Amino acid sequence: MGTAGVLLRRNALIVLMSVELQLAAGTLACWLFSALGDQKGHVFAFFVMALAAAEAAVGWPLCQRVSHTPDANLDDVNALKG
């Protein structure tokens with residue numbers, strides 16, 4: 001569902017939430033692999049959560065900047081060039 005949201009939607013906030021959904025699914029997969037006996041999955045899950053936090057810290061201000069219009073269309077990102 002996350003990939004479909006990224007590929008099919010043009011709203012910046014929906015795309016950001018779809019990427020977060022993909023990262024959450026990756027974290028869950030890492031935790032499930034670590035339940036099979038290998039503890040490396042916990043380390044990978046920690047790095048995926050750190051990546052998700054960094055993505056949210058960078059993506060949210062960009063979404064706020066793009067969403068000055070009511071539709072927050074990603075085609076308007078070229079307006080950020082200054």
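User: What kind of model is it, and how are residues numbered?
Analyst: This is a predicted model: local features need pLDDT of at least 70, side-chain atom pairs count only at pLDDT 80 or more, and totals for chains, interfaces and linings use all residues. Residues are numbered from 1 along each chain as its sequence is written, and side-chain values use heavy atoms, with hydrogens and water left out.

User: How many helices and strands does the protein have?
Analyst: Three helices and zero strands. From the N terminus on, the order is α-α-α.

User: And what share of the residues is buried?
Analyst: Buried residues make up 24% of the 82 residues. Buried means under 20% relative accessible area, exposed means over 50%, and partly exposed is in between (1.4 Å probe, protein chains only).

User: Where does Ala56 sit?
Analyst: In helix α3. Ala56 has a relative accessible area of 31%, so it is partly exposed.

User: What does Ala56 touch?
Analyst: Glu20 and Pro61, leaving aside neighbours within four places in sequence. Contact means heavy atoms within 4.5 Å. Ala56 and Glu20 are 36 residues apart in sequence and 8.0 Å apart in space, C-alpha to C-alpha.

User: Switching to α2. Why does its length agree with a helix?
Analyst: The expected span is 1.5 Å times one less than the number of residues. α2 has 23 residues, so it should span 33 Å; its end C-alpha atoms are 34 Å apart, which agrees.

User: Which α2 residues are buried?
Analyst: Ala12, Val15, Leu16, Ser18, Leu23, Thr27, Cys30 and Ser34.

User: Take Leu16. What is it in contact with?
Analyst: Glu55, Gly59, Trp60 and Cys63, again leaving aside neighbours within four places in sequence. Leu16 counts as buried because its relative accessibility is 12%. The C-alpha atoms of Leu16 and Cys63 are separated by 8.0 Å, although the two are 47 residues apart along the chain.

User: A buried serine is interesting. What about Ser34?
Analyst: At 4% relative accessibility, Ser34 counts as buried. A polar atom of its side chain lies 2.7 Å from the backbone oxygen of Trp31. Ser34 also touches Gln39, Gly41 and His42, not counting residues up to four places away in sequence.

User: Which residues make the nonpolar patch?
Analyst: Leu28, Trp31, Leu32, Val43, Phe46, Phe47 and Met49, over about 730 Å². α2 (12–34) and α3 (40–66) are the elements that give two or more residues to the patch. α3 gives the most, with four residues.

User: What are the cut-offs for a patch?
Analyst: Patch residues have over 30% relative accessible area and no salt bridge; like charges are joined within 9 Å, nonpolar side chains (Val, Leu, Ile, Met, Phe, Trp, Tyr) within 5 Å. A salt bridge is a side-chain nitrogen of Lys or Arg within 4 Å of a carboxyl oxygen of Asp or Glu.

User: Last one: how accessible is Met49?
Analyst: Met49, found in helix α3, has 38% relative accessibility, so it counts as partly exposed.

Key: Accessible areas come from the Shrake-Rupley method with a 1.4 Å probe; for residues, only the protein chains shown count as cover. A polar contact is a pair of N or O atoms within 3.5 Å; within protein, one must be able to donate a hydrogen and the other to accept it, and residues adjacent in sequence count only if both atoms are side-chain atoms.
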